[in-house]
Amino acid sequence: MTKICVIGTGYVGLVTGTCFADLGNDVVCLDVDETRISKLKNGIMPIYEPGLEQLVAQNVRAGRLVFTTNYPDAVKDTEIAFIAVGTPSGVDGEADLQYVRSAAEAIADLVDTPIIVVNKSTVPVGTGDWVADVIKKRRGGKPLEFHVVSNPEFLREGSAINDFMNPDRVVLGSTEREAANKVAELYLTLRCPIVVTDLRTAEMIKYASNAFLATRISFINEIGNMCEEMGADVKEVARGMGLDKRIGPSFLDAGLGWGGSCFPKDVKALAHMAVLHGTHPQLLQAVMEINRNQRRRVIVKLRKALGGLNDREIGVLGLAFKPNTDDMREAPAVELIHLLQNEGAHIKAYDPQAMENAGQMFPRLTLCNNPYEVAEGVDALVLATEWNEFKQLDFERIHELMRQPIIMDGRNLWDGDRLREQGFTYYGVGRAVNGQD
Ligand code: NAD
Ligand code: UGA
């Protein structure tokens, strides 16, 4: 049993802390956000993540998991401190390290026993060395035995616990083999490959992985745009490509493009790092540009289909950036709604989990209780997030409810031919109809 402190109890910190507790460790989850911690102490999850509430409750009951805002208590005597605070985009697209700095400074101020400091947050290449410098400077000559290890996280929202417990690999970067081994021990029962590298290589593996996945999505979206013009169907193209073992089927779903709290900020941060170091990230620039255009193409299609957007009623199904989360950070739906509202459209929307976040973000949005309320009286229905509950809708009822039966399927979820037979004007992404968009 290792005594672990997780600094930052957001998506990554909460899942990491809970899973390490479930693996039998003694875990303290620390955060500066009083509301978040008091909710957690009362068993209320600050985020929607399938299976999390139950796993937290189980481990709290077993006495292996506690939540606190008390820094001295949390870091005292801890053997391993995971820094899992946010690293949002700064003004020029760089990763803002202010929260990482304050976590590192707190460790320097409060710890006097040997400690391994693990960067779990996604941080620019070189941050491991920088964290070591921050701690040394802050100690001002007062000795402390510590090592910094990079241990980037690869979990996805919506399947976070499963991803954490069944990782494809664990990456550990350190100049001190012993420190890396100590962190590796925490993961041994997961029986996955453990890649041990130097600090900077581990940090780059994280950015390169996210950037590559974003590149695959932008690639298939670019192919989809060609399909629309050339009379092909991108879904079938992706299937045909994905069966090639060298390509594989994942991350080839064309749609409204990638969003969320990580791909947008991480691709931007990697491009920023590249420029700082004098290299030209031309592929990354294109990947971001294709992604931006993906949302705008939908607006162009809608404008054309409706003869303008001013005073049109548009229904949006799905607000979270992907299914199984309530996270709306950089969600494609958010940009769509802004663009539509800017052109004078009125928006009604529904999401199974993100309604509370949506209400705070968009005061002018009409929030509905289900897809049918959204459909009532609208000129077009846009699918922005492919939640399971949208897969099987009563389209006959929807057809009756809508003012104009126009469907914009931003995730290629539905069978376009069937909907056309039912009298809808159906648009997918990257799917031509007999050679026509
Ligand atoms: P988040 O915004 O959900 O949570 C960050 C938490 O850190 C917040 O609760 C905040 O109050 C807390 N915090 C900030 N400063 C603090 C401090 N000095 N001391 C203690 N707590 C502090 O962020 P997140 O989505 O969990 O992401 C955290 C990091 O993990 C980021 O670098 C992100 O890129 C990376 N990451 C995220 C995911 C994901 O799916 N969200 C996956 C892999 C990696
Ligand atoms: C992503 C990575 O998949 C994780 O490995 C990583 O740990 C995480 O970022 C991170 O660093 O935070 P996440 O953002 O939770 O995870 O979700 P994804 O499933 O990767 O989806 C990201 C976005 O891409 C979503 O908006 C999704 O709709 C979109 N997407 C995904 C597509 O448009 N097409 C696809 O084929 C796949």
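The shell around ligand 1 takes at least three residues from domain 1 (3–197) and at least three from domain 2 (211–427). Please bear in mind that this is a predicted model.

Which residues come nearest to ligand 1? Of the 26 residues around ligand 1, these are Val 12, Asp 31, Tyr 71, Thr 87 and Lys 265. Several polar contacts can be described for this ligand. The side chain of Tyr 71 places a polar atom 2.6 Å from a nitrogen atom of ligand 1. An N or O atom in the side chain of Glu 157 is 3.0 Å from a nitrogen atom of the ligand. On the backbone side, a polar atom of Tyr 11 is 3.1 Å from an oxygen atom of ligand 1. Taken on its own, ligand 1 has 830 Å² of accessible area, and the protein covers 89% of that area. Two elements give two or more residues to this shell, namely α1 (11–22) and α5 (98–110). By class, the shell around ligand 1 consists of 10 nonpolar, eight polar and eight charged residues.

I turn now to ligand 2. Why does ligand 2 lie between domain 1 and domain 2? Both domain 1 (3–197) and domain 2 (211–427) give residues to its shell, so ligand 2 lies between them. The shell holds 21 residues, of which Phe 154, Leu 155, Glu 157, Lys 206 and Cys 262 come nearest to the ligand.

Lys 206 contributes a polar side-chain atom, at 2.7 Å from an oxygen atom of the ligand.

As for the elements involved, α9 (199–230) and α11 each supply at least two residues of the shell around ligand 2. The element that gives the most is α9, with four residues. The classes in this shell are 10 nonpolar, three polar and eight charged residues.

Let me move from the ligands to empty space. Such space is found by rolling a probe the size of a water molecule over the atoms. One cavity of 30 Å³ or more is counted. The largest cavity has a volume of about 40 Å³. Lys 206, already mentioned for its contact with ligand 2, is among the residues that line the largest cavity, together with Asn 119, Ser 121, Thr 122, Val 123, Ser 150, Pro 152 and Glu 203. This lining has two nonpolar, four polar and two charged residues.

Finally, I come to the second largest pocket, with a volume of about 220 Å³. Its lining comprises Trp 258, Pro 264, Lys 268, Met 288, Asn 291, Arg 292, Arg 295, Glu 330, Ala 331 and Glu 335. The elements giving two or more residues to this lining are α11 (263–276) and α12 (282–306). Which of the elements gives the most? That is α12, with four residues. By class, the lining of this pocket has five charged, four nonpolar and one polar residue. Thank you for your attention.

Methods: Residues are numbered from 1 along each chain as its sequence is written. Chains are lettered from A and ligands numbered from 1 in the order in which they are written. This is a predicted model: local features need pLDDT of at least 70, side-chain atom pairs count only at pLDDT 80 or more; totals for chains, interfaces and linings use all residues. Side-chain values use heavy atoms; hydrogens and water are left out. On a 1 Å grid over the protein atoms alone, a cavity is a set of points where a 1.4 Å probe fits but cannot get out, and a pocket is an open set with protein on both sides within 12 Å along at least five of seven lines; lining residues have an atom within 4 Å of a point. Grid points are joined across faces, edges and corners, and a volume is the space filled by probe spheres set on the points. Ala, Val, Leu, Ile, Met, Phe, Trp, Tyr, Cys and Pro count as nonpolar, Asp, Glu, Lys and Arg as charged, and the others, Gly among them, as polar. A residue is near a molecule or strand if one of its heavy atoms lies within 4 Å of it. A polar contact is a pair of N or O atoms within 3.5 Å; within protein, one must be able to donate a hydrogen and the other to accept it, and residues adjacent in sequence count only if both atoms are side-chain atoms. Domain bounds come from an automatic or database domain assignment. Accessible areas come from the Shrake-Rupley method with a 1.4 Å probe; for residues, only the protein chains shown count as cover.
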